[in-house]
Amino acid sequence: VTLTGGEPAQQSDFAVELVGRLKELYVHTALETSGYCEWNRLKKMFDLTDLVLFDLKVIDSSKHKEFCRYDNRIILENFKRALQEGYNVTARLPLIPNFTMTEQNIEDTIDLLNEVGGIRRVDLLPYHGLGAKKYPLLGLEYELDNLNSPKKEELEDIEHKFESKGYSVS
């Protein structure tokens, strides 16, 4: 069972109770997180979870704030701490053209993974516009309407960059 969101840590008490019950039933659990919350909330969930799927968007703090509207300091601290404390973490990188899918951000992400250590697997998540039609139904503007999905060659190039540094890529 994978807990995903939004952000499961925003309902951490429920998540801890649910994962605890699933563990009693010997169910494999995973938690997908942006890491944008207090460490204590994450730790409670990580302690019970078999796998942490940790989303890394933009490594450069100023660009992260520009694109995501909040600072990424706590995210990077929580990511590093999760690895230092030995949790089973898979790094996930959404590949959004002109945002996360820049040469600099790919290099910054690889540098971070190399610096921290402990990551062997990286999931690359190519952008798609499948959710765009939901936004008007919710009275929201879809800000990425003019983006196309990455080309196969672009994805293969990024995949090769991570693999050349020893990472298993999905």
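Reply: Let's start with strands β3 (residues 51-55) and β4 (residues 89-95), which run parallel and are joined by four bridges. Within this pair, Phe 54 sits opposite Ala 91 of β4. This is a predicted model, in which local features need pLDDT of at least 70 and side-chain atom pairs count only at pLDDT 80 or more, while totals for chains, interfaces and linings use all residues. Residues are numbered from 1 along each chain as its sequence is written, and side-chain values use heavy atoms, with hydrogens and water left out.

A word on terms: helices (H or I, at least four residues) and strands (E, at least two) are DSSP runs, numbered from the N terminus. Two strands count as paired if DSSP finds at least two bridges between them.

Zooming out, β3 and β4 belong to an open sheet of six strands in the order β1-β2-β3-β4-β5-β6, with parallel pairing. The edges are β1 (2-3) and β6 (168-169); each has a single partner strand, so one side of each is left without a neighbour in the sheet.

Next, the helices beside our pair. Helix α5 (residues 103-116) lies across β4 and β5 (121-126), at about 175° to β4. Such angles run from 0 to 180 degrees between N-to-C directions, with axes fitted to C-alpha atoms, for helices over the stretch in contact. Contact means heavy atoms within 4.5 Å.

Helix α4 (residues 73-84) has buried residues Ile 75, Leu 76, Asn 78, Phe 79, Ala 82 and Leu 83. These cover an arc of only 165° around the axis, which puts them on the same side of α4; the arc is that of the directions from the helix axis to the C-beta atoms. On the other side, Arg 73 and Gln 84 are exposed. Here buried means under 20% relative accessible area and exposed over 50%, with partly exposed in between (1.4 Å probe, protein chains only). The cover over the buried residues of α4 includes α2 (39-46), β3, α3 (61-68), β4 and α5. As for length, the twelve residues of α4 should span 16 Å at 1.5 Å a residue, which agrees with end C-alpha atoms 16 Å apart; the expected span is 1.5 Å times one less than the number of residues. Just after α4, Gly 86 takes a positive phi of about 85°.

Now the other neighbour of β3. Strand β2 (residues 30-33) runs parallel to β3, with four bridges between them, and Leu 31 stands opposite Val 52 in β3. The chain passes from β2 through α2 to β3 in a right-handed β-α-β crossover. Right-handed means that, with the strands pointing away from the viewer, the path from the first strand over the helix to the second runs clockwise. Both faces of β2 are covered: Ala 30 and Glu 32 are buried on one side, Leu 31 and Thr 33 on the other.

Leu 31 is also the bridge partner of Leu 3, and β1 and β2 run parallel, joined by two bridges. Together with helix α1 (residues 12-24), these two strands make a right-handed β-α-β unit. In α1, Ser 12, Ala 15, Val 19, Gly 20 and Leu 22 are buried. They fall within an arc of 165° seen down the axis, so they line one face of the helix. Their cover includes β1 and α2.
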